[in-house]
Structures are given as structure tokens and as C-alpha cells.
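Open the model in your viewer and keep the selection tool ready. Each stop below tells you what to pick and what is there.

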Amino acid sequence: MNCPKCGNEMNNDEKFCSKCGYKLVEEKEQNEIDAFIDVVRELAKKTKRQVNERYKTNTKQTEESERIEQSEQTKQTKQTKQ
């Protein structure tokens, strides 16, 4: 058997590569790691969606505030000219 990281030849009973230190994991451990990674990815996707929605909401609110402010400035300018 060879180390998946560096290709060093290893005995089947070794848990670490003597050359690079890579830890070989059992299939059960790898399945648990993969499941954990899947959960983290899903949480990251959900968080990204939430951040994007908040950004859109804040952008709309900012645009509306700027529109109102400009409208009020225009009214004030007209009143001042009269």
C-alpha cells in the first residue's frame, strides 16, 4: 500500500506515513468526516443566502432613503427660490 499524499510505500497496519506523517483513516472515520463536511457546506450555503437577502434588503432601504432625501432637497430648493 502507498501513502495517498506522498506515494511512500507503507505496511497495511500503519496508521501514519513514516515519510510525510499523513494520517490514514478508516472507512468509518472517513464517512463521519465526509458527513460533517456536508453539514458545514449546507450551513455555509444557508448563511450565504441569508447574507445576500439582508444585503438586498439593506440596498433597497438605502436606495429608498436616498430617493426620499433627494425629493426633500428638491422641495426645499423650490421653496427657497419662491
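**A tour from patch to patch**

Start with E63, E66, E69 and E72, which gather in a patch of negative charge on the surface. Keep in mind that this is a predicted model.

E63 lies in helix α1. With a relative accessibility of 49%, E63 counts as partly exposed, because the exposed class begins over 50%.

**Along the helix**

Show helix α1 next; the helix covers residues 27-81. Select R41, which also has its place in helix α1. R41 counts as exposed, at 53% relative accessibility.

How far apart are the C-alpha atoms of R41 and E63? They are separated by 33 Å, with the two residues 22 apart along the chain.

**The nonpolar patch**

Pick V25, I33, F36, I37 and V40. These residues form a nonpolar patch on the surface. Together they have about 400 Å² of accessible area.

Click on V40. This residue is found in helix α1. V40 is partly exposed, with 39% relative accessible area.

**Salt bridges**

How many salt bridges are counted? The count comes to four. Three stops follow.

*R67 and E64.* Show both side chains. They meet in a salt bridge, at 2.5 Å from N to O. R67 and E64 are three residues apart in helix α1, so about one helical turn separates them. R67 is partly exposed at 48% relative accessibility. E64 is also partly exposed, at 36%.

*E42 and K45.* Move to this pair. E42 forms a salt bridge with K45, and the closest N and O atoms are 3.5 Å apart. Both residues lie in helix α1, three residues apart, about one turn of the helix. E42 counts as partly exposed, with 46% relative accessibility. K45 is partly exposed too, with a relative accessible area of 46%.

*K23 and E29.* Select these two. K23 forms a salt bridge with E29. Their closest N and O atoms are 3.8 Å apart, and this pair counts because the cut-off is 4 Å. K23 is partly exposed, with 43% relative accessible area. E29 counts as partly exposed at 30%.

**Two cysteines**

First, some background: a disulfide is a covalent bond between the sulfur atoms of two cysteines. How many disulfides are counted here? The count comes to zero.

Look at C6. This cysteine is in no disulfide, and the nearest cysteine sulfur, that of C17, is 3.6 Å away. C17 is likewise in no disulfide, with the sulfur of C6 as its nearest cysteine sulfur.

Is C17 buried or exposed? C17 counts as buried, at 4% relative accessibility, because buried means under 20%. C6 counts as partly exposed, at 31% relative accessibility.

Technical notes. Residues numbered from 1 in each chain as written. Predicted model: local features only at pLDDT ≥ 70, side-chain atom pairs only at ≥ 80, totals over all residues. Heavy atoms only, no water. Patch = residues over 30% accessible without salt bridge, like charges linked within 9 Å, V, L, I, M, F, W, Y side chains within 5 Å. Areas by Shrake-Rupley, 256 points an atom, 1.4 Å probe, with all protein chains shown as cover. Helix = DSSP H or I, 4+ residues; strand = E, 2+ residues; numbered from the N terminus. Buried < 20%, exposed > 50% of the residue type's maximum accessible area, 1.4 Å probe, protein only. Lys, Arg positive; Asp, Glu negative; His and termini not counted. Charge placed at Lys NZ, Arg CZ, Asp CG, Glu CD. Disulfide = S-S within 2.5 Å.
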